[in-house]
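Subject: Structure handover and notes

Hello,

Please find the structure below. My notes on it follow.

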Amino acid sequence: MSEKNAPIDVTSPNAEDAWVSVIQKMDEAYADLVHSQVEVEEKNAELEESKLFFDSVQSSMSDVLIVCDQVGAIQRVNRALERLTGKSSEQLFGVHFTELVDSRYLQKVNSFLTQIKLQPVKDCELELKTQEGSVPLSMNCSPRRNHRGRLVGMVLVGRPLGELQKAYIELNSAHAELKLAQERLVQSEKMASLGRLVAGVAHELNNPISFVYGNMHALQRYTDRLSQYFDAINEGQSREALREMRESLRLDKLIKDLNSLVEGTMEGADRVKEIVNDLKQFSSSQESEKQLFDLTHVIRTALHWIIKESKRPIEVVEKIPDKVQAFGHSGQIHQVVVNLIQNAVDAMSDSSRQCLELTLKQSDYQIEFTVTDSGPGISEENLSRLFDPFFTTKPVGQGTGLGLSISYGIVSEHGGVLEIKNCDPQGARARLVLSSQEPADV
Ligand SMILES: Nc1ncnc2c1ncn2[C@@H]1O[C@H](COP(=O)(O)OP(=O)(O)O)[C@@H](O)[C@H]1O
Ligand SMILES: [Mg+2]
């Protein structure tokens with residue numbers, strides 16, 4: 001038996017010492033107890049503080065938080081979920097989390113418990129049942145493990161999509177409105193250039209129409225003469241009388257003429273059709289697919305109309321090979337070409353020498369079109385503003401200031417280049433680069 005645990009003989013002379021030592025031990029034990037008590041209290045205060053900290057973090061979260069056990073029974077929720085469902089955490093305790101989810105999404109959420117064993121679920125869109133009906137949420141779900149790494153449940157964090165979705169819908173409709181406004185602008189610019197060209201177009205239409213009209217008059221007269229002759233045949237007139245009639249009505253010349261009259265009329269009608277077709281390029285607001293089109297034709301028609309409308313003696317140097325094809329929307333590129341040529345012609349309105357040079361070159365798949373004028377060129381301060389919407393130096397009715405900005409948009413959308421520079425010693429040159437091939441990444 002050790003000395004420490006030996007019974008004390010209270011009659012022995014050492015008894016007093018023994019009591020003293022007992023009391024000392026008791027004192028020590030008491031001091032230890034007091035010390036432990038203080039430590040426990042301190043730890044308790046720390047715990048309390050961190051609980052308050054986590055509670056405040058949880059309750060200030062706007063995302064909803066649901067902590068479940070391994071079968072999906074709710075163990076804890078935050079204030080955001082209480083607010084959303086209108087139920088307290090006590091009411092929600094033990095409820096299976098799927099009971100909070102709109103029945104349309106049950107299949108999705110039922111698989112959460114198995115899915116998280118493989119990987120966390122991210123941004124799963126579902127709807128929670130709330131007092132005010134279903135609320136859309138984007139839900140993330142992660143496994144919850146204990147200190148040994150064993151799966152003990154899961155943590156669901158959901159972000160209400162209401163606000164996000166509302167903002168998204170508003171953004172979408174603003175975008176659609178902007179697109180519509182932009183389309184209207186493009187269209188009105190087109191109409192403005194068409195308005196300027198209309199006088200020339202009307203004149204151009206007049207020509208073929210007037211000779212179709214003239215031919216029809218001649219045909220009408222011919223029909224009268226032929227009817228007279230056929231009537232005479234029907235009446236049984238003599239061969240001699242008929243021969244004389246044929247001569248006086250000049251029927252042989254008439255028959256020879258008929259062919260060329262019909263041909264001429266057809267030509268006139270074809271020309272009208274061509275003009276109408278050219279005009280269609282202005283009115284086509286929406287085009288379907290990009291495709292290969294005859295850029296030479298687009299340039300020549302644009303040039304033809306603009307020169308006609310200008311009614312000025314412009315010297316035109318045209319270095320344009322036949323049938324150069326570009327890839328894109330022909331109507332849109334027509335709008336760009338019309339604007340570049342029109343700008344060049346406008347720029348020369350006060351110049352003594354009015355010379356317009358157009359070139360078109362193709363190397364491999366790249367097509368380069370240039371329009372050079374002998375006008376005054378562009379001042380340094382205006383050069384940087386050329387492509388700004390509504391920038392114009394022209395009087396009202398002649399310029400919208402939209403031509404180059406719209407052209408730039410069209411050319412960029414075609415993956416091309418559009419630039420304008422001054423030339424030495426005078427004038428300006430617009431350069432348009434397009435491709436004759438569909439871009440590989442489209
Ligand atoms: N070839 C050019 N020479 C001189 N100035 C030009 C030329 N091309 C364009 N500009 C200038 O750029 C401005 C903007 O052109 P644009 O966007 O087509 O609008 P608009 O032709 O309606 O004025 C013109 O008003 C003009 O001042
Ligand atoms: Mg213009």
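A residue is called buried under 20% relative accessible area, exposed over 50%, and partly exposed in between, with a 1.4 Å probe and protein chains only. This is a predicted model: local features need pLDDT of at least 70, side-chain atom pairs count only at pLDDT 80 or more, totals for chains, interfaces and linings use all residues, and side-chain values use heavy atoms, with hydrogens and water left out. Residues are numbered from 1 along each chain as its sequence is written, while chains are lettered from A and ligands numbered from 1 in the order in which they are written.

Overall form

The protein chain has twelve helices and twelve strands (DSSP runs, H or I of at least four residues for helices and E of at least two for strands, numbered from the N terminus). The C-alpha trace spans about 185 × 70 × 40 Å along its principal axes. Of the 442 residues, 34% count as buried. For contacts (heavy atoms within 4.5 Å) between residues at least 6 apart in sequence, 61% join residues at least 24 apart.

The accessible surface is about 28300 Å², and carbon and sulfur atoms account for 53% of that (Shrake-Rupley method with a 1.4 Å probe; for residues, only the protein chains shown count as cover). There are 48 positive and 64 negative side chains, with the centres of the two sets 8 Å apart. Here Lys and Arg count as positive and Asp and Glu as negative, without His and the chain ends, and each charge is placed at NZ of Lys, CZ of Arg, CG of Asp or CD of Glu.

Magnesium site

Asn339 (OD1) and Asn343 (OD1) coordinate the magnesium ion (ligand 2) at 2.2 to 2.3 Å. Donors are N, O and S atoms within 2.8 Å of the metal (3.2 Å for Na, K and Ca); water is not among the atoms, so sites may look incomplete. Both asparagines belong to helix 10 (residues 330-347), where they sit four residues apart, about one turn of the helix. Asparagine 339 is buried at 8% relative accessibility, whereas asparagine 343, at 22%, is partly exposed.

Backbone points to check

Most residues other than glycine have a negative phi, and most peptide bonds are trans. Lysine 323 has a positive phi near 50°; it lies in the loop between strand 7 (315-319) and strand 8 (325-328) and is exposed, at 66% relative accessible area. Phenylalanine 390 also has a positive phi, near 70°. That phenylalanine is in the loop between helix 11 (380-383) and helix 12, and is exposed at 54%.

Helix 12 (residues 403-413) has several buried residues, including Leu404, Ile406, Ile410 and Val411. The peptide bond from aspartate 424 to proline 425 is cis, with omega near 0°, and proline 425 lies in the loop between strand 11 (417-422) and strand 12 (428-435).

Glutamine 354

Glutamine 354, in the loop between helix 10 and strand 9 (355-363), is buried at 12% relative accessibility. Leaving aside residues up to four places away in sequence, glutamine 354 touches Arg312, Pro313, Ile314, Glu315, Met348, Ser349 and Ser374. Between glutamine 354 and arginine 312 there are 8.7 Å, C-alpha to C-alpha, at a sequence separation of 42 residues.

Regards
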